[in-house]
Amino acid sequence: MVEQLESLCTGAQEETDLRPPLALLAGREVQVGEDELHGARRRALLLLAAGGDPELGLVLDGRAVTALADELDSSERRAALRRGLEALRDPSAGLPHATAALAALLEDEGLAWRAYACALLAEELAGEPAN
């Protein structure tokens, strides 16, 4: 899976931010109840819509992403995300874009948590089911 993410960067016209998809991949063991996640994502979508066009994209420090990250935040969830990120070290070895993105996430716990929230919000925008 990490190799597929790396391939998104190969030959791309603009830089692809692998931090949110890596965080989502790492966050498979983060426990968030379906009802809690649904409500939190809906509130974040309202913030996104109130801030302008939701089709313009998500920003890791944007209001909608940070609100979702804050609402879902807990030390247990962050620890689960950290374990997932650590588990991606070996699969990312030799993949320069994935390695750099993973290093940034491991270096900054807050960034990693926002990247995870951003990916959860992107799933909602894409109409995909929660993990």
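Trainee: At what angle do helix α4 and α8 pack?

Mentor: Good place to start, and keep in mind that this is a predicted model. Helix α4 covers residues 63-72, and its axis and that of α8 are 8 Å apart. Angles of 65 to 115 degrees count as roughly perpendicular, and α4 is therefore roughly perpendicular to α8. The packing angle is about 110 degrees.

Trainee: How many nonpolar residues are in the contact of α4 with α8?

Mentor: Let's gather the residues before we sort them. From α4 come A64, V65, T66, L68, A69 and L72, and from α8 come W113, R114, A117, C118, L120 and L121. One residue of this contact is polar and one is charged. The number of nonpolar residues is 10.

Trainee: What is the angle at which the axes of helix α3 and α8 cross?

Mentor: Helix α3 takes in residues 34-50, and its axis comes within 10 Å of the axis of α8. The angle is roughly 80 degrees.

Trainee: How many charged residues are in the contact of α3 with α8?

Mentor: On the α3 side you will find L37, R41, R42, A44, L45 and L48, which meet L120, L121, E123, E124 and L125 in α8. Sorted by class, seven of these are nonpolar and none is polar. The charged residues number four.

Trainee: Which residue caps the N-terminal end of α8?

Mentor: Look for a side-chain oxygen that reaches a backbone nitrogen at the start of the helix. One such oxygen lies 3.1 Å from the backbone nitrogen of G110. At the other end, α8 is followed by G127, with a positive phi near 75 degrees. The residue that caps the N-terminal end is D108.

Trainee: How many of the 18 residues of α8 are buried?

Mentor: Buried means under 20% relative accessible area. Y116, which is found in helix α8, counts as buried because its relative accessibility is 1%. The count for the helix tells us that α8 is largely enclosed by the rest of the structure, because the buried residues number 14.

Trainee: Is G39 buried or exposed?

Mentor: G39 sits in helix α3. The relative accessibility of G39 is 17%, so G39 counts as buried.

Trainee: At what angle do the axes of helix α2 and helix α5 cross?

Mentor: Here we compare residues 19-26 with residues 75-87, whose axes come within 8 Å. L22, A23 and A26 of α2 make the contact with A80, L81, G84 and L85 of α5. By class, six of these residues are nonpolar, one is polar and none is charged. α2 and α5 are therefore roughly perpendicular to each other, with a crossing angle of roughly 105 degrees.

Trainee: How many helices does the chain have?

Mentor: Let's step back to the whole chain. It has 131 residues, of which 42% count as buried. Its secondary structure includes zero strands, and the number of helices is eight.

Methods. Residues are numbered from 1 along each chain as its sequence is written. This is a predicted model: local features need pLDDT of at least 70, side-chain atom pairs count only at pLDDT 80 or more; totals for chains, interfaces and linings use all residues. Side-chain values use heavy atoms; hydrogens and water are left out. Buried means under 20% relative accessible area, exposed over 50%, partly exposed in between (1.4 Å probe, protein chains only). Helices (H or I, at least four residues) and strands (E, at least two) are DSSP runs, numbered from the N terminus. A polar contact is a pair of N or O atoms within 3.5 Å; within protein, one must be able to donate a hydrogen and the other to accept it, and residues adjacent in sequence count only if both atoms are side-chain atoms. Axes are lines fitted to C-alpha atoms, for helices over the stretch in contact, and angles run from 0 to 180 degrees between N-to-C directions. Contact means heavy atoms within 4.5 Å. Ala, Val, Leu, Ile, Met, Phe, Trp, Tyr, Cys and Pro count as nonpolar, Asp, Glu, Lys and Arg as charged, and the others, Gly among them, as polar. Angles under 35 degrees count as roughly parallel, over 145 as roughly antiparallel, 65 to 115 as roughly perpendicular and the rest as oblique.
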